[in-house]
Amino acid sequence: MKGSDPAALAAPSQSPSVALLGAAVALSVAVGYAVGVALAGLPLDAFHLWDALSRGSFLAHPPLRFIASCAPPFALALLLSLRVLRAAPAGPSPFASPWRRLAVTLGPLLLSPFVLTQDDTLRRPALLALCFGAAVAAAAWLAPVPTRDDAPPGPWWREHAPVLAIIAGHAVLFSALAIIRDRAVWSASVDLGIFKEALWNTLHGRVMFSPTVGYSFLGEHFSPVLFLLVPFYALSPTSECLLVIQTVAVSVAAWPVYLVARDLGLRRLTATLLAGAMLASPPLHTALLYDFHMDLLAAPALAWLVLALSRRRFGQAFVAVALLVSVKEDMFIPAVGALLACALPGTARDRRWSAALGALAVGWCLLAMAVLLKRFGPPPGVPVYMSDGAEPQGYKFLRNFRHLAGPGGPLGHLLGQPVRYVLWAFSDARLTTFITLLTPVGFASLLAGWRITLLMPLGIILLSDNPEIVALRYHYSAIQHPGVYLAAAFGLAALVARARDPRRTEGAAAAYVLVASMMLVATHPSSMAARTHPTDTRAITPHTRTVDRIAALVPAGVPVSSSTWIGPRFSNRPWGALFPNGLDRAEWVVVDLQRPAWPASVEQRDSTLLHLMRTGFGAAAVSDGVIALQRGRSQQGNPEAVRQLFVHRRYEVEGTEQTEFTNCSVADARASDGRARVVSPDDPRPAGWMVFGPFIRLPAGRYQVTFRLRARRAGAARDEIGLVDVFHQPGVTLARRELVPSMFPTGEWRDVTLDFSIEDPGGAGGLEFRVRTERNWELGADVISLSPAEDEAGVVRAFILGR
């Protein structure tokens, strides 16, 4: 690559004056405070943000703790300041003035509190990452680090060792996290269980049949790529098999991104950072830790397709297109985007091949939608899986774009009202997602020229009216990433090629990608490293071992209806159902009351279990909130099962998703299950409910609920700890108790009890047992236990008789 001699990049050093040093320190202090305010307010919605600001300059944080949080950004700002002040640019330059260099470097960080003007809290981390990236990039451009040219090619592994290490580390880390999540009973029938069912039944002669779906999975999504997984599943018919394959597929997608960047002339460091930034992207964490889904298998196929096209290896491109469209019937969208990126700036030969491959991709996907999905779809009398009854005619998943339905179809709407849909695409949560995806690469994807068509998969998100797709929940972010980062490689290569000082420009770009990606990983809620990650740390506990022990009691091959979190443990059998479905056919029913009740409500789940125990099912095992019922078994043990599950209900606080303080499950040897939910004063979220729910129904009577809690002052100046209460929807508090320091003299675990009564003869539903923290003390909640205060036998009878 062209550029000046590396030694020349080391701009002459000069000693800044006392005035400049004083200004640098003062501005660094201001940066520390500005960034501290931005970080403190990052997760707060508009109401809580203004409340915190109204309580003082430290946003209601203790001053010393807030000042400590300002120290790292202060140190970074001072380091950047000293570097740009000591490096005087050679020759005439608009940045010859040290004051201007200081302003350009620290300006983005001083502006960081303005990210809080965004009401969408998910948009703020990306904008804050943009501020940090811009500041470091400015410093890298003004005072570049002397570097050498890439070393001449040596052994293959040594030349590419950094990116290979990143890919391998990513594969190992996220495979381990996914496997732990599965073993901790947080994988679900939808979707991991469905794919295990389809592959197991294929091995036993029923092509991709899923009992949960009700017919062949090929009638839900036409995904022949799944046949490539059958040999692997035959060797290891486990959840781990699919989770590792999925993770490795995403990890290796970074390799073509790296190679494309290198082919374009970007240095090894820049190419490695692009590949690593893609794998580090927080929305991709969500996709990798959402069970298994075939969409993630499209990532390496798309990346490989772009690499093959850029190298004009059209035979490989044909194979890549075939793999891509075999993943799912809508994969013609990324395929066409990649082919246009080849055709539009390419030669006549490029256009001919692209047209042929594009016709193949579009034709195959239209055939899948119009014919093959119907061929493998539900037979007469079988309902469409998860239908809401209001899908547009034709392709089921056009329901994700309902606002495009009507005469003329989606294309007619887009062409007829372009301004409306452009405004739609770049507003609200869609704009947030767009910014989040492009911030780590500094929006360089938009500089890719004709190859901006690689961003076509973003259209799925920007035009959807399904909030789950727009927010990149579940697996929806997977196919977006290769296009964004490949387009960024083309954009950065174009930027560097046009720069007066290519080496300096590329160095600044590499610094930006590194720092912006790190900041997004540290602060975006989708990131596993973020304090506000929306799920707790998954861990194997005594409860998960209880689930496995009870699941092992169910004989192989018998029909089972199981709750969604246990479902994957019963996937390798001819028939199974997602509780409360399939009860007319099930011989066994296995339900975990310690996990969310989806797809039923808690009351529906509980009433269904009680009904089964009255109508021919007997308890085979019950322990720690898990029950196994067997059809035709003696009902002699049912009263004891009712007593354990419903009358003496007990659940782990850290095992519920009903909390405003996610990612606060910590190991504690003295907690009942080895873990507890603990919220400390430095948690960035406002005061709120550590646990609420579970929205149960109880018959009339007097009850006692016990909360196992601990509280420690942790340097707090205020004595308000929080409260516990019993809440009856829709707005009646049945019992309440303030938590005060005298209750926790040693800071160790203790029981806090509340007595309450249900007066209505018909009982009461929607009951919640809640723990609130004011976030002044470190408050831990371990387990909540319910028991009758009198006439236990009468309460058991009321549950059994359904009164």
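**Figure 1. Helix α15 passes helix α17 in a right-handed crossing.** A crossing is right-handed if the near helix is turned clockwise from the far one by less than a right angle, and left-handed if anticlockwise. The model is predicted: local features need pLDDT of at least 70 and side-chain atom pairs count only at pLDDT 80 or more, whereas totals for chains, interfaces and linings use all residues. Residues are numbered from 1 along each chain as its sequence is written, and side-chain values use heavy atoms, with hydrogens and water left out. Helix α15 covers residues 298-310 and helix α17 residues 332-343; they pack at an angle of about 15°, with their axes 10 Å apart. Axes are lines fitted to C-alpha atoms, for helices over the stretch in contact, and angles run from 0 to 180 degrees between N-to-C directions. The two helices α15 and α17 are therefore roughly parallel to each other (angles under 35 degrees count as roughly parallel, over 145 as roughly antiparallel, 65 to 115 as roughly perpendicular and the rest as oblique). Leu302, Leu305, Val306 and Leu309 of α15 meet Pro334, Ala335, Ala338, Leu339 and Cys342 of α17; contact means heavy atoms within 4.5 Å. By class, this contact of α15 with α17 holds 9 nonpolar, no polar and no charged residues (Ala, Val, Leu, Ile, Met, Phe, Trp, Tyr, Cys and Pro count as nonpolar, Asp, Glu, Lys and Arg as charged, and the others, Gly among them, as polar).

**Figure 2. Helices α6 and α25 are roughly antiparallel to each other.** Helix α6 (residues 124-142) packs with helix α25 (residues 502-523) at an angle of about 150°, their axes being 7 Å apart. The crossing of α6 and α25 is right-handed. Their contact contains 19 nonpolar, 4 polar and 1 charged residues.

**Figure 3. Ser561 is a buried residue of the chain.** Ser561 lies in strand β3, which covers residues 560-562; helices (H or I, at least four residues) and strands (E, at least two) are DSSP runs, numbered from the N terminus. Its relative accessibility is 0%, where buried means under 20% relative accessible area, exposed over 50% and partly exposed in between (1.4 Å probe, protein chains only). Leaving aside neighbours within four places in sequence, Ser561 is in contact with several residues, including Ala577, Phe579, Asn581 and Trp588. Met331 is 230 residues away from Ser561 along the chain, and their C-alpha atoms are separated by 34 Å.
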